[in-house]
Amino acid sequence: MRSYHSVYVTFDPFPSYKGSYIHIEKASRVLSKAFGETMLLTLKGQRRQWIRSPRKHITFDKEESNFLRRATAFSEWVDDILESQYQLRLGHFRDIWGGLPLLERPHIETVFEVNGLPSIELPYRFRHIAKETLYKIQDLEDRCIHESDHLICPSQVIKSHLEKRGVQSEKVTVISNGAEPVKSFKRPRSLPENYVVYFGALQPWQGVDVAIKALQYLRDKPDLKLVICSAHKEKFARPYQKLVRRLGLEDQVIWKHQLSKPKLFQILQHAVCTLAPLTECSRNLEQGCSPLKIFESMACGTPVIASDLPVVREIINDKQARFVRPDRPAELARAVRVLVDYPQHGIELASSAKSQFEKQYTWDKIDQQLSEFYHNLLVADFL
């Protein structure tokens, strides 16, 4: 293997149908432009895509059902690859599993991109995870947070969380998520005239169950459907499909799985609105996030109904979206009803949001911010 000057490491499948795929694609490409040929170390992707040079994409293919054992094996795999690289100047990582091997090499300048922290997120995925395990993981997070040279994150809420854990404010740079401008698509023939959309991942903090329960209060509008465009395979939707059956809403929910971006955007553009019913939990309130579904809805010119949370208020305001209190299906249903009954209101919200998107949130503008961040690191190297 040839020698590289930079490496981007993430314990995520790449390419994939998840929102993280876009961010990894964009950030690793900007990194390669700044530092030349770059190694991209990821989990094996969920779909095929040719990765253009100057990135050398290497995937971790080992199958392991136990999450922590696989994470540890990934960390050891990254360490083995780094052992043969003598010219690395910068290591950019998205999680502690990829970061720990980089921190063992002080000659490599490190950038920790904090999107989520396992000590906060894993309990939602593994309900019976031991507290002792979480404490150990938190210790590893603290090491990565404090020993990394630089931290970047996509929201002020995440930055505030890092500051509460003892990080100096000037060490953290906030660079928002974004989206590509979207061309116009014809109305999809397979969908009804009136529908609302939830799209993205199906983790508990996303509030998919809230969106489903809201349909109970819209039974007087039998022609209105909820289209759920899941980033996962169909098997991951089974708990929600069970909820739909229990509530007798089978005729009101349409499922789509792992759509390409053009097919997804075609559905979004002709929806009454998209839903971002984020729950009121530590993952969204304490840790924070930066929902790609909001940026992509803005880009599509689609009205948004979102939970009234600080992470959402960072992106859009009352003139650009309708806000509802989180975890309240009846309130979500009322907001949907307003946009169905008064479509002009939705048009006005979407128009204002799209203007804001074009001013601030296109990937070109976000990439420029990240490029300037890397440029400043390069300049500092020569001072």
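Leaving aside its neighbours within four places in sequence, which residues is Q241 in contact with? I found E234, W255 and H257, where contact means heavy atoms within 4.5 Å. Q241 is found in helix 8 (residues 238-246). Buried means under 20% relative accessible area, exposed over 50% and partly exposed in between, with a 1.4 Å probe and protein chains only.

Notes on the ground rules. The model is predicted, so I kept in mind that local features need pLDDT of at least 70 and side-chain atom pairs count only at pLDDT 80 or more, while totals for chains, interfaces and linings use all residues. Residues are numbered from 1 along each chain as its sequence is written, and side-chain values use heavy atoms, with hydrogens and water left out. Helices (H or I, at least four residues) and strands (E, at least two) are DSSP runs, numbered from the N terminus.

I traced an open sheet of seven strands in the order 3-2-1-4-5-6-7, with parallel pairing. Two strands pair if DSSP finds at least two bridges between them. At the edges I noted strand 3 (55-60) and strand 7 (172-174), each of which pairs on one side only. Neighbouring strands of this sheet are turned by 20° against each other on average, direction ignored. Such axes are lines fitted to C-alpha atoms, for helices over the stretch in contact, and angles run from 0 to 180 degrees between N-to-C directions.

I zoomed in on strand 5 (residues 109-113) and strand 6 (residues 150-153), which pair in the parallel sense over three bridges. V111 stands opposite H150 in strand 6. Helix 6 (residues 156-164) packs on the sheet and touches strand 6 and strand 7, its direction making about 170° with that of strand 7. Helix 1 (residues 19-35) lies across strands 1 to 5 and runs at about 170° to strand 1 (6-14).

Why is helix 3 (residues 96-103) largely enclosed by the rest of the structure? Eight of its eight residues are buried, so that settled it for me. I listed I96, W97, G98, G99, L100, P101, L102 and L103. Among the elements that cover these buried residues are strand 1, helix 2 (67-83), helix 4 (118-125) and helix 5 (131-147).

I followed up on two of those covers. The axes of helix 4 and helix 5 come within 9 Å and cross at roughly 145°. P118, S119, L122 and P123 of helix 4 meet L134, I137, Q138 and E141 of helix 5.

**Strand 11**

Here I looked at both faces of strand 11 (residues 273-276): C273 and L275 on one side and T274 and A276 on the other are all buried. Two bridges join strand 8 (residues 195-200) to strand 11 in parallel, and V196 stands opposite C273. Strand 11 also pairs in the parallel sense with strand 12 (residues 304-307), over three bridges, and L275 stands opposite I305 there.

**Cavities and a pocket**

I worked on a 1 Å grid over the protein atoms alone: a cavity is a set of points where a 1.4 Å probe fits but cannot get out, a pocket is an open set with protein on both sides within 12 Å along at least five of seven lines, and lining residues have an atom within 4 Å of a point. Grid points are joined across faces, edges and corners, and a volume is the space filled by probe spheres set on the points.

How many cavities of 30 Å³ or more does the structure hold? I counted three. The largest cavity holds about 100 Å³, and 13 residues line it, with H23, E113, I152, I175 and L370 the closest to its centre. Helix 15 (363-382) gives the largest share of that lining, four residues.

The second largest cavity holds about 50 Å³.

Last, I opened the second largest pocket, which holds about 290 Å³. Of its 17 lining residues, A271, V272, P303, P343 and I347 lie nearest its centre. Helix 14 (343-360) gives the most to this lining, with four residues.
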